[in-house]
Amino acid sequence: EEFKAALEIKEGSKLAKALRRTGEMSEVKDWGIGPVLYGSVSEWIIQDRKGLRKFNNFERLIEQDPTGQILQYVYVGDTGELDQEAGETMLREYPEVVKAVFLHVVSMDPPSSYPPSGIPIPSPKLINGRPLVFFRTYVGAAARATQLGLMEDDGLMRVVEEAERSLKDGGVPKGSSKWIDLERDIEMAYRTLELDLS
């Protein structure tokens with residue numbers, strides 16, 4: 001909570017506007033930034049507490065719907081700051097409201113150290129019958145979400161188009177590890193769409 005003043009996402013911020021615009025494009029009213037629960041200085045000093053803090057914040061969030069009938073959640077984090085611990089605890093303790101956990105695989109290693117197949121991605125697993133999915137790019141996450149029935153095909157295609165545009169506009173050189181990872185996940189996205197059409 002001590003960081004809220006510095007880190008708070010404001011309604012007029014670029015991120016909030018982008019989220020609102022995304023919701024409007026999908027015809028979802030009032031979609032965007034909801035309550036944001038922040039960490040504290042103690043988690044920056046004692047890193048082991050980050051997973052517990054994220055889980056405790058999630059419990060504060062679900063208190064807004066004590067029946068568990070209105071809100072359902074998909075937790076998206078990464079493999080860098082105990083998000084996996086928090087997500088797995090959510091799936092163990094609240095499988096009735098957490099539909100899935102998606103974790104972006106991050107690495108401090110340089111891309112040149114990766115095998116030719118790219119950064120290794122752990123296999124998905126089930127906890128309490130709910131999926132824990134690892135992904136390399138947001139296209140990979142969207143493909144998995146589509147496979148799980150959490151996203152429609154047209155949403156997947158919008159993510160593919162936006163990811164390609166983002167790398168092009170950012171001047172990321174073709175052949176870089178970012179493009180290689182994205183192209184690999186775009187192939188998975190198209191295989192997903194082919195399965196949906198058959």
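Which residues form a nonpolar patch on the surface? In this model, the patch is made up of Val 74, Val 76, Leu 148 and Leu 150, which together have about 300 Å² of accessible area. Patches here take residues with over 30% relative accessible area and no salt bridge, joining like charges within 9 Å and nonpolar side chains (Val, Leu, Ile, Met, Phe, Trp, Tyr) within 5 Å. A salt bridge, in turn, is a side-chain nitrogen of Lys or Arg within 4 Å of a carboxyl oxygen of Asp or Glu. Accessible areas come from the Shrake-Rupley method with a 1.4 Å probe, and for residues only the protein chains shown count as cover.

The model is predicted, with local features needing pLDDT of at least 70 and side-chain atom pairs pLDDT 80 or more, while totals for chains, interfaces and linings use all residues. Numbering runs from 1 along each chain as its sequence is written, and side-chain values use heavy atoms, leaving out hydrogens and water.

Now for the overall layout. The protein chain has eight helices and four strands, in the pattern α-α-α-α-β-α-β-β-β-α-α-α along the sequence. Both are DSSP runs numbered from the N terminus: helices are H or I with at least four residues, strands E with at least two. Of the 198 residues, 33% are buried, where buried means under 20% relative accessible area, exposed over 50% and partly exposed in between (1.4 Å probe, protein chains only).

The four strands make an open sheet in the order β1-β2-β4-β3, with mixed pairing; two strands pair if DSSP finds at least two bridges between them. β1 (73-78) and β3 (125-127) sit at the edges with a single partner strand each, so one side of each has no neighbour in the sheet. On average, neighbouring strands are turned by 25° against each other, direction ignored. Strands β2 (residues 98-104) and β4 (residues 130-135) pair in the parallel sense over four bridges, and Leu 103 stands opposite Phe 134 in β4. Across β1, β2, β3 and β4 lies helix α5 (residues 83-93), running at about 160° to β1. Axes are lines fitted to C-alpha atoms, for helices over the stretch in contact (heavy atoms within 4.5 Å), and angles run from 0 to 180 degrees between N-to-C directions.

As for α6, seven of its ten residues are buried, among them Val 139, Gly 140 and Thr 146. Just after α6, Gly 149 takes a positive phi of about 80°. Leu 148, one of the patch residues, lies in the loop between α6 (138-147) and α7 (153-169) and is partly exposed, at 39% relative accessible area.
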